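The stops below can be taken in order.

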Amino acid sequence: MYAALALVVGVLAGLFLHPTVPDWLAPYLPIAVVAALDALFGGLRARLDKIFDAKVFVISFVANVLVAAFIVFLGDQLGVGSQLSTAVVVVLGIRIFGNAAAIRRHIFKA
């Protein structure tokens, strides 16, 4: 409940306040958003499977964002930032679609 409320408040704040992202942080924002979506869909799937734990969700959320940002940072330092960014998006995208499929099967029984 609190997570959904915080998500709504965050989206509304972003829409109305138009925050700016510093240039040095811009390459990490899309990866952080995808990692956060991965944690969100994983949490929703766990909730539907009745195994949701708020502590696990928060740790997963923060850890996914930090690990994804670290991988992109490492790629930038090695000169292959865009390739590693693509790899992170592909891996997290596969997880997101896997969780979305599980959610769909749970809701629609199909």
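Select F57: this residue is buried, with a relative accessible area of 16% (buried means under 20% relative accessible area, exposed over 50% and partly exposed in between, with a 1.4 Å probe and protein chains only). The model is a predicted one, in which local features need pLDDT of at least 70, side-chain atom pairs count only at pLDDT 80 or more, and totals for chains, interfaces and linings use all residues. Residues are numbered from 1 along each chain as its sequence is written, and side-chain values use heavy atoms, with hydrogens and water left out.

Rings of Phe, Tyr and Trp (its six-membered ring) pair if their centres lie within 6.5 Å; planes under 30 degrees apart count as stacked, over 60 as edge-to-face and the rest as tilted. F57 and F61 are 4 residues apart in helix α3 (residues 54–78), so about one helical turn separates them. F61 is partly exposed, at 31% relative accessibility.

F52 and F57 make a tilted pair, at 5.8 Å between centres and 45° between planes. F52 is partly exposed, its relative accessible area being 35%.

Now colour the chain by secondary structure. The protein has 4 helices and 0 strands, in the order α-α-α-α along the sequence. Helices (H or I, at least four residues) and strands (E, at least two) are DSSP runs, numbered from the N terminus.

Next, colour by pLDDT, the predictor's confidence in each residue, from 0 to 100. The protein averages 89, and 100% of the residues score at least 70.

Zoom out to the whole chain. The C-alpha trace spans about 45 × 30 × 25 Å along its principal axes. Of the 110 residues, 24% count as buried. Among contacts (heavy atoms within 4.5 Å) between residues at least 6 apart in sequence, 74% join residues at least 24 apart.

The protein exposes about 7900 Å², and carbon and sulfur atoms supply 76% of it; accessible areas come from the Shrake-Rupley method with a 1.4 Å probe, and for residues only the protein chains shown count as cover.
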